[in-house]
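Subject: Structure for your review

Dear colleague,

Please find below the structure that I am handing over to you. My findings are set out after it.

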Amino acid sequence: AARLISLHLASHPEGGWLPPDRAADLLACYGITCARMVLATDEHTAVTAAALWDSPVVLKAYWPELVHKSDVGGVLLGLSGPDAVREGWRTLEERFGDRLAGVVVQEMAPHGVELLAGVDSDAVFGPLVAFGIGGTDTDLAADRGYRLAPLTAADAEDLVGASRAATLLAGYRGRPGGDPAAVRDVLSRLALLAAEQTCVTEAEINPLIATPDGVTAVDFRVRVE
Ligand code: ADP
Ligand code: MG
């Protein structure tokens, strides 16, 4: 894992946001489960990648400066079969033209509670772990708590327990909830990543999808310096 991490960082000497496939590898090095994905740069690769898994896929437009993908129509969910993937690829190409640096082909994760989990480096306090309700309406939910890294088990329990996301994890209004232990585990792993990889200045998973069986990161970014 250490060598893979050095490779990713060495391949990005100028710093900035890592490409999504490298960010996924880095999170995986820390034991954080990410939805399986391939960053494709041509239609044929996208169609081939989509056939790797049994589940439907998501196509996501990628270029380095793109932040809110769904705001610009850059996320196509639930595509099944080669024809749908091909059509999706062409839609993104038409929509974004030369800006498109690639397309993330990603396995659809099960429905669940959408959370935000991240680490930020504060100039005074060092790494801070962030947690709250995630998804595209995360800012509207305004549910964000912070704790200093390293994160103790009690800190993680506190951070999750004090959030409004805890209500969703408990199963809100008859909806399935999520496994809070798996959520706390991801927060601890992010804190460890930030503490060990001092060149990582920011990492954010949004959403981390929680179900009663576990958690899956489906959108994430990692900034290095
Ligand atoms: P952005 O935040 O840039 O708009 P996301 O990748 O977070 O783009 O996708 C937007 C929304 O689409 C997510 O909040 C989630 O609801 C859904 N979504 C994205 N990827 C997946 C996936 N792999 N499985 C299931 N749902 C997904
Ligand atoms: Mg997102």
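The notes that follow go through the findings by topic. Please bear in mind that this is a predicted model.

Nonpolar cores

The largest nonpolar core has 44 residues, and Leu115, Leu190, Ile205 and Phe220 are the ones that touch the most other members. Helix α8, residues 180-196, gives the most to this core, with eight residues. Ile205 illustrates how the chain comes together here. Setting aside neighbours within four places in sequence, Ile205 is in contact with Leu27, Ile32, Leu115, Leu116, Ala117, Val186, Leu190, Ala217, Asp219 and Phe220. Another core, of 20 residues, lies apart from the largest one, and its members include Ala46, Ala50, Trp53 and Phe96.

Packing of α3 and α4

Two packed helices are described by the angle between their axes and the distance between the axes. For helix α3 (residues 43-50) and helix α4 (residues 81-96), the angle is about 140° and the axes are 9 Å apart. The crossing of α3 past α4 is right-handed. On the α3 side the contact is made by Glu43, Ala46, Val47 and Ala50, and on the α4 side by Pro82, Val85, Arg86, Trp89 and Arg90. Sorted by class, this contact has six nonpolar and three charged residues, with no polar ones.

Two buried residues in strands

Glu107 is found in strand β5, which covers residues 102-107. Is Glu107 buried or exposed? Its relative accessibility is 16%, so Glu107 counts as buried, the cut-off being under 20%. The side chain of Glu107 is joined to that of Arg36 by a polar contact of 2.7 Å. Not counting residues up to four places away in sequence, Glu107 touches Ala35, Arg36, Trp53, Ser55, Pro56, Val57 and Val58.

Thr201 lies in strand β9, residues 200-211. Thr201 is buried because its relative accessible area of 14% is under 20%. With residues up to four places away in sequence left out, Thr201 touches Val119, Asp120, Ser121, Arg223, Val224 and Glu225.

Backbone geometry

Most residues other than glycine have a negative phi, and most peptide bonds are trans.

- The peptide bond from Ala149 to Pro150 is cis, with omega near -5°. Pro150 lies in the loop between β8 (144-148) and α6 (153-161).
- The peptide bond from Asn206 to Pro207 is also cis, with omega near 5°. Pro207 is located in strand β9.
- Ala142 has a positive phi, near 45°. Ala142 sits in the loop between α5 (138-141) and β8, and at 59% relative accessibility, over the 50% cut-off, Ala142 counts as exposed.
- Arg173 likewise has a positive phi, of about 45°, although it is not a glycine. Arg173 is placed in the loop between α7 (165-169) and α8, and with a relative accessible area of 71% Arg173 is exposed.

Yours sincerely

Technical notes: Residues are numbered from 1 along each chain as its sequence is written. Chains are lettered from A and ligands numbered from 1 in the order in which they are written. This is a predicted model: local features need pLDDT of at least 70, side-chain atom pairs count only at pLDDT 80 or more; totals for chains, interfaces and linings use all residues. Side-chain values use heavy atoms; hydrogens and water are left out. Axes are lines fitted to C-alpha atoms, for helices over the stretch in contact, and angles run from 0 to 180 degrees between N-to-C directions. Helices (H or I, at least four residues) and strands (E, at least two) are DSSP runs, numbered from the N terminus. A crossing is left-handed if the near helix is turned anticlockwise from the far one by less than a right angle, and right-handed if clockwise. Contact means heavy atoms within 4.5 Å. Ala, Val, Leu, Ile, Met, Phe, Trp, Tyr, Cys and Pro count as nonpolar, Asp, Glu, Lys and Arg as charged, and the others, Gly among them, as polar. Buried means under 20% relative accessible area, exposed over 50%, partly exposed in between (1.4 Å probe, protein chains only). A polar contact is a pair of N or O atoms within 3.5 Å; within protein, one must be able to donate a hydrogen and the other to accept it, and residues adjacent in sequence count only if both atoms are side-chain atoms. A nonpolar core is a set of buried Ala, Val, Leu, Ile, Met, Phe, Trp, Tyr and Cys residues joined through side-chain atoms within 4.5 Å.
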